[in-house]
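Keep the 3D view open as you read.

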Amino acid sequence: MTINPTRLHELEDMARRVRRHILTTVHAAGGGHVGGPLSATDMLVALYFHILNIDPTNPQWEDRDRFILSKGHSCIALYAVMAERGYFPVSELITFDGIDSRLQGHPDMARLPGLDMSTGSLGQGLSPGVGMALGARLRNKPFTTYVMLGDGECQEGQVWEAAFVAARYRLGNLVAILDLNRLQQYGWQEPGGMRPPLDDPRRQWEAFGWQVSVVDGHDITSFVEALSTARQESDRPAIVIAHTVKGKGISFMEGDYSWHARVPTDVELARALAELELREVQP
Ligand SMILES: Cc1ncc(C[n+]2csc(CCOP(=O)(O)OP(=O)(O)O)c2C)c(N)n1
């Protein structure tokens, strides 16, 4: 699947809109995550606007592709993308994290139609993805199940139990995406200290029997191509390892773990929004 320049421009424009929603919504809510959602934005836009076979007017459609945001704390990015895609009004984003809101601080599928899984306790999203992929096979359904994981999240043993089972059952209809921004709630220790949990992710996932590709997670064209290849895999689960930058798009947030879950002040919000506007007029 390729993307022509006009389409790419539209998707990049959408990613800027989504980044604006993330920042303004977290600012208005007075709480939420920022760094991880910004890291995942380009990939979520590519998925919901170019890859997934979905119908926002019929979120329970049986043959739809499934998507699980296993790094559920990044849900404000998913909500913004879903709103722009037509699952619910963009104006509802302002309710984010409110006690009666459908847009909880972590995704709640019992509240919001269009969510395929409730997540937030890290490590638990790949397992239901395995179940969905097995279910599709048993019922002869054509859909693909996609699961987005964080690299910090891969410290959870359940991720590797699911990875093992997926390969054992030869789930070629399961595609994981690793948002490899190399930061989690805090940074990793300095060189010479504790090793990060995924120091060689390609080798680690291949050892579990997965088909692996490695891309730049902010390069929508490469990401879409990698996902197309992953989907063609017929008897192995596939993972797209996406190199990303935590806080991507806002210079003073990029690569700074203190923005994992920090609310921008009025001044910081204005600076951040100005940066996004500036980027819009650049060639
Ligand atoms: C089981 C569990 N432990 C701890 C947390 C708290 N927590 C939320 S996000 C996060 C860091 C996640 O890092 P990573 O998976 O790399 O996500 P990203 O950097 O993309 O935000 C932690 C520890 C949690 N949600 N679930």
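An open sheet of five strands runs in the order 1-2-3-5-4, with parallel pairing. Strands (E, at least two residues) and helices (H or I, at least four) are DSSP runs, numbered from the N terminus. Two strands pair if DSSP finds at least two bridges between them. Strand 1 (66-69) and strand 4 (211-216) are the edges, each pairing on one side only.

The model is predicted: local features need pLDDT of at least 70, side-chain atom pairs count only at pLDDT 80 or more, and totals for chains, interfaces and linings use all residues. Residues are numbered from 1 along each chain as its sequence is written.

Now look at strand 2 (residues 145-150). On one side, strand 2 pairs with strand 1 in the parallel sense over four bridges. Here Phe-67 stands opposite Tyr-146. Strand 2 also pairs with strand 3 (residues 174-180), in the parallel sense over six bridges. Leu-149 stands opposite Leu-178, and Thr-145 has Leu-174 as its bridge partner. From strand 2 the chain crosses through helix 5 (residues 157-168) to strand 3, and this β-α-β crossover is right-handed. That means clockwise from the first strand over the helix to the second, with the strands pointing away from the viewer.

Is strand 2 enclosed or open? Six of its six residues are buried, so strand 2 is largely enclosed by the rest of the structure. Buried means that 20 or more other C-beta atoms, placed from the backbone, lie within 10 Å of the residue's own. In a regular strand, side chains alternate between the two faces of the sheet. Thr-145, Val-147 and Leu-149 point one way, and Tyr-146, Met-148 and Gly-150 the other.

Note on methods. Buried ≥ 20, exposed ≤ 12 C-beta atoms within 10 Å, placed from the backbone.
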